[in-house]
Amino acid sequence: MAKEKGRKLITQNKKARHDYLVIDTYEAGLVLTGTEVKSLRQGRASLVDGFVQLDGGEAWLHNVHVPEYSQGTWTNHSARRKRKLLLHREEIDKLAAKSQETGHTIVPLALYFKDGRAKVEIALAKGKKEYDKRQTLREKQDRRETERAISAVRRKQRA
C-alpha cells in the first residue's frame with residue numbers, strides 16, 4: 001500500500017477564528033489509539049469545544065469529540081478523552097509563557113492527516129470582545145461588496 005502524501009483535512013474550527021484573534025499557530029502531532037485513527041479516517045470529528053491545556057510540561061487537547069469507531073469492540077475509545085499533543089520543548093515553553101498573559105488561550109484550529117499522520121493545528125489566541133467580532137464581520141461584508149462591485153464592472157466592460 002502506497003503512503004499518503006500531502007495534507008488531508010478532517011475538520012476545521014471556523015468558530016475559533018471568529019471568536020479569537022489568532023496570534024501564532026503551531027502544528028502538533030497527536031497520541032491516538034487505533035480506533036481513534038480509524039474514526040478520523042472516516043472524516044468524523046468535532047473541534048467546537050476544544051482547548052489545549054499545559055500540564056506538567058506537557059500539552060493536552062481537551063473536549064475534542066472523536067466518535068467511537070463503528071466496528072470497534074471492547075478496544076473502542078471514549079469520545080471526549082484528553083489527548084496528548086506532541087510538541088517540541090521550546091514550543092511548549094513558549095506557549096506556557098504566552099498563555100499566562102491575561103486573555104490568552106490555546107485553541108485547536110484544524111485536524112488533518114499529513115503524510116499519513118494525524119496532526120492538529122493549534123493557535124495561541126486572544127479572545128475577541130463583542131464589538132471586535134462585529135467589526136470583523138463588517139469588514140468581511142465590505143470586502144465582499146467591493147469584490148462584487150468590481151466583478152460587475154468587469155462584466156459590463158466585457159459585454
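One cavity of 30 Å³ or more is present in this predicted model. A cavity is a set of points, on a 1 Å grid over the protein atoms alone, where a 1.4 Å probe fits but cannot get out; a pocket is an open set with protein on both sides within 12 Å along at least five of seven lines; lining residues have an atom within 4 Å of a point. Points are joined across faces, edges and corners, and a volume is the space filled by probe spheres set on them.

The model is predicted, with local features needing pLDDT of at least 70 and side-chain atom pairs pLDDT 80 or more, while totals for chains, interfaces and linings use all residues. Residues are numbered from 1 along each chain, and side-chain values use heavy atoms, without hydrogens and water.

| Space | Volume |
|---|---|
| Largest cavity | about 30 Å³ |
| Largest pocket | about 180 Å³ |

Of the eleven residues lining the largest pocket, Leu30, Gly116, Arg117, Ala118 and Lys119 are the closest to its centre. Strand β7 (117–127) gives the most to this lining, three residues; strands (E, at least two residues) and helices (H or I, at least four) are DSSP runs numbered from the N terminus.

The lining of the largest cavity includes Leu30, Leu40 and Arg83. After α2 comes Gly43, with a positive phi near 80°.
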